[in-house]
Amino acid sequence: MKIVLIGQGGHSKVIKDIILSAEENEIAAYLDDKFSELKTVEQSITGPTEAAADLISYWGDVKFIIAIGSNSVRKKMKERLNLPDEYYATVIHRTACISYSAIIGRGTVIMPNAVVNADSQIGNHAIINSCAVVEHDNCIGNYTHISPNATLAGNVTVEEGVHIGSGATVIPGKTIRQWAVIGAGATVINDVPQYRTAVGVPAKVLRKEGEVLVNISTKKNLPLAASYERK
Ligand SMILES: CC(C)(COP(=O)(O)OP(=O)(O)OC[C@H]1O[C@@H](n2cnc3c(N)ncnc32)[C@H](O)[C@@H]1OP(=O)(O)O)[C@@H](O)C(=O)NCCC(=O)NCCS
(Lines give C-alpha, C1' and ligand atoms only; values in the text may rest on other atoms or scores of the structure.)
Protein backbone atom coordinates (compact mmCIF):
# COMPACT_ATOMS: atom_id res chain seq x y z
CA MET A 1 0.00 0.00 0.00
CA LYS A 2 1.27 3.46 -0.92
CA ILE A 3 0.82 5.69 2.14
CA VAL A 4 1.27 9.45 2.56
CA LEU A 5 1.94 10.69 6.09
CA ILE A 6 0.50 14.06 7.00
CA GLY A 7 2.76 15.61 9.64
CA GLN A 8 6.44 14.97 10.22
CA GLY A 9 6.93 15.30 13.98
CA GLY A 10 7.60 12.74 16.75
CA HIS A 11 4.30 10.89 16.39
CA SER A 12 4.89 10.58 12.65
CA LYS A 13 8.21 8.76 13.30
CA VAL A 14 6.40 6.07 15.32
CA ILE A 15 3.76 5.62 12.63
CA LYS A 16 6.47 5.44 9.96
CA ASP A 17 8.06 2.46 11.77
CA ILE A 18 4.70 0.70 12.06
CA ILE A 19 3.90 1.21 8.39
CA LEU A 20 7.33 0.03 7.24
CA SER A 21 7.17 -3.06 9.48
CA ALA A 22 4.86 -4.56 6.82
CA GLU A 23 6.76 -5.35 3.63
CA GLU A 24 3.85 -4.52 1.35
CA ASN A 25 3.78 -0.90 2.55
CA GLU A 26 5.65 2.07 1.19
CA ILE A 27 5.71 5.66 2.49
CA ALA A 28 5.21 7.55 -0.73
CA ALA A 29 5.36 11.09 0.70
CA TYR A 30 5.47 13.24 3.81
CA LEU A 31 3.27 16.33 3.74
CA ASP A 32 3.84 19.00 6.37
CA ASP A 33 3.37 22.76 6.25
CA LYS A 34 7.05 23.21 7.11
CA PHE A 35 7.65 22.32 3.44
CA SER A 36 6.84 24.96 0.83
CA GLU A 37 7.15 22.93 -2.35
CA LEU A 38 6.59 19.39 -3.53
CA LYS A 39 9.94 17.73 -4.22
CA THR A 40 11.74 14.39 -4.24
CA VAL A 41 13.91 13.65 -1.21
CA GLU A 42 15.85 10.37 -1.21
CA GLN A 43 13.29 7.62 -1.96
CA SER A 44 10.30 9.75 -0.97
CA ILE A 45 8.54 13.06 -1.65
CA THR A 46 8.01 15.98 0.73
CA GLY A 47 5.62 18.87 0.32
CA PRO A 48 2.99 21.10 1.94
CA THR A 49 -0.30 19.56 3.12
CA GLU A 50 -2.23 21.36 0.38
CA ALA A 51 -0.51 19.01 -2.11
CA ALA A 52 -2.64 16.04 -0.90
CA ALA A 53 -5.17 16.38 -3.73
CA ASP A 54 -2.34 16.63 -6.32
CA LEU A 55 -0.89 13.33 -5.06
CA ILE A 56 -4.28 11.66 -5.46
CA SER A 57 -4.49 12.92 -9.05
CA TYR A 58 -0.92 11.76 -9.68
CA TRP A 59 -1.07 8.27 -8.12
CA GLY A 60 -4.78 7.50 -7.84
CA ASP A 61 -4.33 4.50 -5.55
CA VAL A 62 -2.85 6.17 -2.48
CA LYS A 63 -3.90 6.33 1.16
CA PHE A 64 -3.26 8.90 3.88
CA ILE A 65 -2.67 8.88 7.63
CA ILE A 66 -2.79 12.09 9.66
CA ALA A 67 0.28 11.44 11.81
CA ILE A 68 -0.27 14.25 14.32
CA GLY A 69 -0.35 13.39 18.04
CA SER A 70 -2.67 16.19 19.23
CA ASN A 71 -6.30 15.08 18.96
CA SER A 72 -7.62 18.58 18.24
CA VAL A 73 -4.95 19.37 15.63
CA ARG A 74 -5.60 16.00 13.97
CA LYS A 75 -9.29 16.87 13.72
CA LYS A 76 -8.55 20.34 12.31
CA MET A 77 -6.23 18.83 9.71
CA LYS A 78 -8.87 16.28 8.69
CA GLU A 79 -11.39 19.07 8.21
CA ARG A 80 -8.92 21.24 6.32
CA LEU A 81 -7.83 18.48 3.93
CA ASN A 82 -11.47 17.58 3.27
CA LEU A 83 -10.53 14.26 1.61
CA PRO A 84 -13.18 11.54 1.25
CA ASP A 85 -12.97 8.94 4.04
CA GLU A 86 -11.92 6.16 1.66
CA TYR A 87 -8.55 7.86 1.17
CA TYR A 88 -7.56 7.16 4.78
CA ALA A 89 -5.72 3.94 5.67
CA THR A 90 -6.16 1.93 8.86
CA VAL A 91 -2.75 0.91 10.19
CA ILE A 92 -2.43 -2.01 12.62
CA HIS A 93 0.94 -3.29 13.84
CA ARG A 94 1.37 -7.04 13.33
CA THR A 95 1.87 -7.61 17.08
CA ALA A 96 -1.45 -5.98 18.01
CA CYS A 97 -4.19 -8.43 18.97
CA ILE A 98 -7.52 -7.42 17.47
CA SER A 99 -10.74 -9.42 17.86
CA TYR A 100 -12.41 -10.51 14.62
CA SER A 101 -15.58 -8.85 15.90
CA ALA A 102 -13.91 -5.48 16.59
CA ILE A 103 -14.48 -2.61 14.15
CA ILE A 104 -11.60 -0.21 13.52
CA GLY A 105 -12.17 3.11 11.76
CA ARG A 106 -10.30 4.85 8.95
CA GLY A 107 -7.19 6.88 9.69
CA THR A 108 -6.81 4.97 12.97
CA VAL A 109 -3.44 3.57 14.06
CA ILE A 110 -3.05 0.61 16.41
CA MET A 111 0.44 0.32 17.82
CA PRO A 112 2.60 -2.65 18.89
CA ASN A 113 1.15 -5.07 21.46
CA ALA A 114 -2.14 -3.22 21.82
CA VAL A 115 -5.25 -5.37 22.42
CA VAL A 116 -8.76 -4.65 21.16
CA ASN A 117 -11.24 -7.24 22.36
CA ALA A 118 -14.59 -8.59 21.17
CA ASP A 119 -17.28 -6.27 19.82
CA SER A 120 -15.34 -3.10 20.52
CA GLN A 121 -15.61 -0.25 18.04
CA ILE A 122 -12.85 2.27 17.44
CA GLY A 123 -13.72 5.43 15.50
CA ASN A 124 -11.77 7.28 12.82
CA HIS A 125 -8.37 8.96 13.28
CA ALA A 126 -7.90 7.40 16.71
CA ILE A 127 -4.60 6.28 18.26
CA ILE A 128 -4.48 3.06 20.26
CA ASN A 129 -0.94 3.32 21.54
CA SER A 130 1.59 0.61 22.45
CA CYS A 131 0.35 -1.99 24.96
CA ALA A 132 -3.02 -0.27 25.49
CA VAL A 133 -5.86 -2.68 26.32
CA VAL A 134 -9.35 -1.98 25.02
CA GLU A 135 -11.56 -4.67 26.52
CA HIS A 136 -14.81 -6.06 25.08
CA ASP A 137 -17.77 -3.89 24.01
CA ASN A 138 -15.94 -0.57 24.21
CA CYS A 139 -17.07 2.32 22.05
CA ILE A 140 -14.15 4.63 21.28
CA GLY A 141 -14.88 7.86 19.38
CA ASN A 142 -13.13 9.70 16.58
CA TYR A 143 -9.87 11.65 17.23
CA THR A 144 -9.22 9.86 20.54
CA HIS A 145 -5.86 8.76 21.94
CA ILE A 146 -5.53 5.79 24.29
CA SER A 147 -1.94 6.16 25.52
CA PRO A 148 0.61 3.40 26.17
CA ASN A 149 -0.36 0.86 28.84
CA ALA A 150 -3.80 2.38 29.45
CA THR A 151 -6.54 -0.15 30.22
CA LEU A 152 -10.20 0.33 29.36
CA ALA A 153 -12.25 -2.42 31.02
CA GLY A 154 -15.42 -3.83 29.43
CA ASN A 155 -18.27 -1.63 28.15
CA VAL A 156 -16.40 1.66 28.46
CA THR A 157 -17.46 4.59 26.25
CA VAL A 158 -14.82 7.12 25.22
CA GLU A 159 -16.31 10.03 23.28
CA GLU A 160 -14.73 12.16 20.54
CA GLY A 161 -11.38 13.82 21.21
CA VAL A 162 -10.70 12.19 24.59
CA HIS A 163 -7.09 11.61 25.65
CA ILE A 164 -6.52 8.75 28.11
CA GLY A 165 -3.04 9.21 29.64
CA SER A 166 -0.36 6.54 29.93
CA GLY A 167 -1.12 3.73 32.34
CA ALA A 168 -4.60 5.01 33.24
CA THR A 169 -7.39 2.53 33.99
CA VAL A 170 -11.13 2.99 33.45
CA ILE A 171 -13.37 0.50 35.29
CA PRO A 172 -16.25 -1.24 33.44
CA GLY A 173 -19.23 0.64 32.08
CA LYS A 174 -17.96 4.20 32.58
CA THR A 175 -18.23 7.04 30.05
CA ILE A 176 -15.55 9.61 29.36
CA ARG A 177 -17.33 12.51 27.67
CA GLN A 178 -16.03 14.40 24.64
CA TRP A 179 -12.59 16.09 24.75
CA ALA A 180 -11.99 15.14 28.39
CA VAL A 181 -8.42 14.26 29.46
CA ILE A 182 -7.49 11.49 31.89
CA GLY A 183 -4.11 11.97 33.59
CA ALA A 184 -1.34 9.41 33.41
CA GLY A 185 -1.81 6.66 35.99
CA ALA A 186 -5.39 7.66 36.93
CA THR A 187 -8.05 5.12 37.92
CA VAL A 188 -11.44 6.29 36.70
CA ILE A 189 -14.38 4.97 38.75
CA ASN A 190 -17.03 7.56 37.74
CA ASP A 191 -18.13 9.06 34.43
CA VAL A 192 -16.02 12.09 33.47
CA PRO A 193 -17.73 15.25 32.13
CA GLN A 194 -16.90 16.76 28.75
CA TYR A 195 -13.85 19.05 28.31
CA ARG A 196 -12.61 18.31 31.85
CA THR A 197 -9.38 16.77 33.15
CA ALA A 198 -9.45 14.03 35.78
CA VAL A 199 -6.35 12.79 37.63
CA GLY A 200 -5.37 10.48 40.46
CA VAL A 201 -6.54 7.28 42.14
CA PRO A 202 -9.49 7.33 42.26
CA ALA A 203 -9.66 9.98 39.53
CA LYS A 204 -11.03 13.40 40.48
CA VAL A 205 -11.91 16.22 38.11
CA LEU A 206 -9.51 19.17 38.30
CA ARG A 207 -11.16 22.51 39.04
CA LYS A 208 -10.86 25.16 36.38
CA GLU A 209 -9.28 28.57 37.08
CA GLY A 210 -12.07 31.03 38.08
CA GLU A 211 -14.73 28.33 38.38
CA VAL A 212 -17.72 29.49 40.50
CA LEU A 213 -18.36 26.91 43.22
CA VAL A 214 -20.95 28.71 45.46
CA ASN A 215 -23.59 31.28 44.47
CA ILE A 216 -23.16 33.94 47.22
CA SER A 217 -26.64 35.49 46.71
CA THR A 218 -28.41 32.22 47.47
CA LYS A 219 -25.54 30.60 49.36
CA LYS A 220 -26.39 27.44 47.50
CA ASN A 221 -23.80 25.12 46.09
CA LEU A 222 -23.92 25.27 42.32
CA PRO A 223 -24.14 21.96 40.51
CA LEU A 224 -20.55 21.02 39.78
CA ALA A 225 -19.40 19.08 36.81
CA ALA A 226 -19.19 15.98 38.97
CA SER A 227 -19.79 14.99 42.57
CA TYR A 228 -16.15 14.10 43.03
CA GLU A 229 -14.40 17.42 42.32
CA ARG A 230 -10.81 17.54 43.47
CA LYS A 231 -10.26 19.75 46.55
C1 LIG B 1 -3.40 15.34 33.41
C2 LIG B 1 -2.48 16.26 32.63
C3 LIG B 1 -2.98 16.38 31.21
C4 LIG B 1 -2.53 17.59 33.34
O5 LIG B 1 -1.74 18.50 32.70
P6 LIG B 1 -1.92 20.06 33.04
O7 LIG B 1 -3.28 20.50 32.61
O8 LIG B 1 -0.74 20.76 32.44
O9 LIG B 1 -1.95 20.12 34.62
P10 LIG B 1 -0.80 20.51 35.66
O11 LIG B 1 0.50 19.84 35.33
O12 LIG B 1 -0.84 21.99 35.81
O13 LIG B 1 -1.34 19.85 36.99
C14 LIG B 1 -2.53 20.29 37.63
C15 LIG B 1 -2.66 19.51 38.91
O16 LIG B 1 -2.91 18.12 38.63
C17 LIG B 1 -1.87 17.30 39.19
N18 LIG B 1 -1.58 16.27 38.20
C19 LIG B 1 -1.25 16.47 36.91
N20 LIG B 1 -1.13 15.28 36.29
C21 LIG B 1 -1.38 14.34 37.20
C22 LIG B 1 -1.40 12.94 37.13
N23 LIG B 1 -1.16 12.29 36.01
N24 LIG B 1 -1.72 12.26 38.25
C25 LIG B 1 -1.99 12.91 39.41
N26 LIG B 1 -1.99 14.26 39.53
C27 LIG B 1 -1.68 14.96 38.43
C28 LIG B 1 -0.70 18.24 39.42
O29 LIG B 1 0.13 17.76 40.45
C30 LIG B 1 -1.41 19.53 39.77
O31 LIG B 1 -1.86 19.42 41.12
P32 LIG B 1 -1.90 20.72 42.10
O33 LIG B 1 -2.86 21.68 41.45
O34 LIG B 1 -2.39 20.14 43.39
O35 LIG B 1 -0.51 21.21 42.12
C36 LIG B 1 -1.01 15.69 32.56
O37 LIG B 1 -0.34 15.86 33.80
C38 LIG B 1 -0.99 14.20 32.21
O39 LIG B 1 -1.01 13.30 33.04
N40 LIG B 1 -0.94 13.96 30.87
C41 LIG B 1 -0.89 12.64 30.31
C42 LIG B 1 0.35 12.53 29.44
C43 LIG B 1 0.47 11.20 28.75
O44 LIG B 1 0.21 10.14 29.32
N45 LIG B 1 0.84 11.25 27.48
C46 LIG B 1 0.99 10.07 26.67
C47 LIG B 1 1.75 10.44 25.42
S48 LIG B 1 2.09 9.03 24.44
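G47 is part of strand β4, which spans residues 44–47, in a model that is predicted. With a relative accessibility of 0%, G47 counts as buried, because the cut-off for that class is under 20%.

Leaving aside residues up to four places away in sequence, the contacts of G47 are Y30, L31, D32, F35, E37 and L38. For E37, one of these contacts, the C-alpha atom lies 5.1 Å from that of G47, while ten residues separate the two in sequence.

## The parallel sheet

An open sheet is built from five strands, which follow one another in the order β8-β11-β14-β17-β20 and pair in parallel. Its edges are formed by β8 (103–104) and β20 (175–176), each of which pairs on one side only.

Within this order, strand β11 (residues 121–122) is joined to strand β14 (residues 139–140) by two bridges in the parallel sense.

## The ligand shell

Around the ligand there are 15 residues, of which S147, G165, S166, G183 and A184 come nearest. The protein covers 41% of the accessible area of the ligand, which on its own amounts to 910 Å². By residue class, the shell consists of five nonpolar residues, nine polar residues and one charged residue.

Methods: Residues are numbered from 1 along each chain as its sequence is written. This is a predicted model: local features need pLDDT of at least 70, side-chain atom pairs count only at pLDDT 80 or more; totals for chains, interfaces and linings use all residues. Side-chain values use heavy atoms; hydrogens and water are left out. Two strands pair if DSSP finds at least two bridges between them. Helices (H or I, at least four residues) and strands (E, at least two) are DSSP runs, numbered from the N terminus. A residue is near a molecule or strand if one of its heavy atoms lies within 4 Å of it. Accessible areas come from the Shrake-Rupley method with a 1.4 Å probe; for residues, only the protein chains shown count as cover. Ala, Val, Leu, Ile, Met, Phe, Trp, Tyr, Cys and Pro count as nonpolar, Asp, Glu, Lys and Arg as charged, and the others, Gly among them, as polar. Buried means under 20% relative accessible area, exposed over 50%, partly exposed in between (1.4 Å probe, protein chains only). Contact means heavy atoms within 4.5 Å.
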